[in-house]
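This report is meant for someone meeting the structure for the first time. Please keep the sequence and the model at hand while reading.

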Amino acid sequence: MGIVAGLDSSSAFTHIVVCDTDTGEVLRQGYAAHPVEAKASEVDPQAWLLSLGEAASGGLLEGVQAIGVSAQQHGLVPLDHQGNLVRPAMLGNDRRAQAAAADLIDGLGGRQPWAEAVGAVPQASQPVAKLRWLARSEPENAQRVAAVLQPHDWLVWQLLGRPARRTTDRGAASGTGYWSAGSGSYRPDLVELALGHQAALPEVLGPADAAGTTPEGLLISAGTGETMAAAFGLGVAVGDAVVSLGASGSVMAVHHEALADPTGMITSFADATGMHLPVVHTSNAVRALRGTAEMLGLEGLDELSALALKSTPGASGLVLLPYLEGERTPQLPHTAGTLSGLRRESMKPEHLARAAFEGMLCSLADALDVLRDRGVEVRRVFLLGAAAELPAVQALAPALFGSQVVVPQPAEYAARGAARQAAWALGVSQGTLDPRTPPAWQGASAQVLEPGEELAVGGAVRQQYGATRDQIHPGAFGGSV
């Protein structure tokens with residue numbers, strides 16, 4: 001028995017968990033906010049180290065044998081030849097590179113060549129688009145860029161004392177836009193296309209590899225991106241999907257191969273175990289609920305949930321297509337939401353409330369079907385986010401998703417996933433674990449919901465939603481959903 005730590009450096013805070021290597025039991029925790037605005041789009045990375053130091057204070061890491069690092073994805077940390085910052089790090093929420101992303105798509109000949117090259121079509125958030133923005137908007141800085149890292153890569157490098165060797169992992173690399181999860185290799189030509197010249201890229205480690213050991217003898221594992229760490233911390237495997245309910249939504253699942261999707265709806269990430277993690281994003285999820293609550297003059301989502309449960313499946317024929325901010329899945333970036341089926345008998349607050357929940361969940365079920373249609377197995381769905389606790393969500397989701405739904409207890413799953421990776425690397429280094437098999441930690445505490453007899457009812461609601469969607473946006477999914 002030993003102890004390991006996992007740290008998650010998110011966009012707003014650092015959270016550290018210290019865990020038992022054998023069971024994954026959380027023994028102690030530390031937390032600190034970043035000393036910067038959470039919504040900042042660029043930052044001096046030293047802020048992450050300050051937050052890390054504060055979170056680890058009070059002897060939190062005493063006795064720890066290995067550390068894993070999870071961090072916010074899609075950030076760009078540009079370094080010069082001496083390893084110094086060229087400019088502040090650009091974060092994933094930086095939207096300035098939208099035109100640059102479109103420019104890159106055209107530069108390679110369209111969406112399909114990008115999907116085939118790296119499993120993703122450039123988005124403003126990705127490092128590859130940020131490099132193009134840098135080349136166009138700050139050419140002098142771009143000329144000085146000799147190496148590029150992401151936040152998790154930079155933190156690992158700092159913890160190891162800034163060695164000559166810089167590393168990353170498959171998960172983080174798969175979000176860059178210049179590493180292919182399918183081939184397991186970089187596309188340096190895409191870096192040059194974006195930046196105008198080559199730059200040094202971190203070595204991609206395997207899931208159980210160690211990035212190195214500190215002078216004090218502390219092993220640092222490969223680390224990974226927040227999405228991959230959270231999936232690993234939850235313990236998802238083949239047959240599992242994760243639906244995340246934020247203002248926008250995402251659906252991801254564990255799969256045995258990378259998926260190239262010329263439409264760009266699927267982003268082909270790698271996971272933290274050697275498998276793949278295809279992800280489908282929606283632009284609208286909980287924002288549709290909040291908008292409906294405001295329209296009805298309700299105090300919050302709890303009231304909206306209670307009102308929705310006074311209605312009946314299908315909301316008396318009322319259908320809400322929740323494309324309020326345009327939509328990514330299906331690709332309707334310039335559309336608006338639609339409320340259909342208005343009749344005298346359906347014009348009641350409870351029906352609108354129900355239609356909002358059904359619309360949000362049917363939209364996410366559409367995203368699930370994008371994955372299912374590509375051969376991804378989905379036997380159960382993990383439902384994450386504060387809205388997953390709402391009674392209306394829990395009542396409707398199993399039947400609309402057509403599967404068992406698991407609602408895990410709120411926890412720091414990304415930090416726990418980083419700790420599990422540290423335990424894996426430590427075990428491999430000691431000869432007690434197989435590099436192909438991660439430690440079998442206890443699964444997340446969760447509520448399990450079954451569709452039961454409501455499955456047919458859920459199918460009818462989805463059919464009503466799909467008919468409305470196809471009438472208003474014919475061909476949106478190419479007939480595949």
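This is a predicted model: local features need pLDDT of at least 70, side-chain atom pairs count only at pLDDT 80 or more; totals for chains, interfaces and linings use all residues.

Leaving out residues up to four places away in sequence, Phe 357 touches Leu 289, Leu 304, Ser 305, Ala 308, Leu 390, Ala 392, Val 393 and Leu 396.

## Ala 418 in helix H14

Ala 418 has its place in helix H14, which runs over residues 413-430, and with a relative accessibility of 1% it counts as buried. When residues up to four places away in sequence are not counted, Ala 418 touches Ala 5, Gly 6, Leu 7, Gly 68, Val 69, Ser 70, Ser 221 and Ala 229. The C-alpha atoms of Ala 418 and Ala 356 are separated by 36 Å, and these two residues are 62 residues apart along the chain.

## Two enclosed helices

Helix H9 (residues 226-234) is largely enclosed by the rest of the structure, because seven of its nine residues are buried. The buried residues of H9 are Met 228, Ala 229, Ala 230, Ala 231, Phe 232, Gly 233 and Leu 234. Just after H9 comes Gly 235, which takes a positive phi of about 85°.

Helix H6 (residues 151-159) is likewise largely enclosed by the rest of the structure, since eight of its nine residues are buried. In H6 the buried positions are Pro 151, His 152, Asp 153, Trp 154, Leu 155, Val 156, Trp 157 and Gln 158. H6 is followed by Gly 161, and the phi of Gly 161 is positive, near 85°.

## The contact of H4 with H8

Two packed helices are described by the angle between their axes and the distance between the axes. For helix H4 (residues 127-137) and helix H8 (residues 188-195), the axes come within 7 Å and cross at roughly 35°. From H4 the contact draws on Val 128, Leu 131, Arg 132 and Ala 135, while H8 contributes Leu 190, Val 191, Leu 193, Ala 194 and Leu 195. Sorted by class, the residues of this contact are eight nonpolar, no polar and one charged.

## His 276 in strand S19

His 276 is found in strand S19, which covers residues 276-282, and is buried, with a relative accessible area of 8%. Leaving aside neighbours within four places in sequence, His 276 is in contact with a group of residues including Arg 170, Ala 181, Ala 253, His 255, His 256, Glu 257, Phe 269 and Asp 271.

## Aromatic pairs and cysteines

Across the whole structure, a search finds four aromatic pairs. In one of them, the rings of Phe 13 and Tyr 31 have their centres 5.4 Å apart and their planes at 40°, so the pair is tilted. This pair links distant parts of the chain, with Phe 13 in strand S2 (residues 13-20) and Tyr 31 in strand S3 (residues 26-33), 18 residues apart.

How many disulfides are there? The count comes to zero disulfides. Cys 19 is buried, with a relative accessible area of 0%, and Cys 362 is buried as well, with a relative accessible area of 0%.

Key
Residues are numbered from 1 along each chain as its sequence is written. Side-chain values use heavy atoms; hydrogens and water are left out. Contact means heavy atoms within 4.5 Å. Axes are lines fitted to C-alpha atoms, for helices over the stretch in contact, and angles run from 0 to 180 degrees between N-to-C directions. Helices (H or I, at least four residues) and strands (E, at least two) are DSSP runs, numbered from the N terminus. Ala, Val, Leu, Ile, Met, Phe, Trp, Tyr, Cys and Pro count as nonpolar, Asp, Glu, Lys and Arg as charged, and the others, Gly among them, as polar. A disulfide is a pair of cysteine sulfur atoms within 2.5 Å. Buried means under 20% relative accessible area, exposed over 50%, partly exposed in between (1.4 Å probe, protein chains only). Rings of Phe, Tyr and Trp (its six-membered ring) pair if their centres lie within 6.5 Å; planes under 30 degrees apart count as stacked, over 60 as edge-to-face and the rest as tilted.
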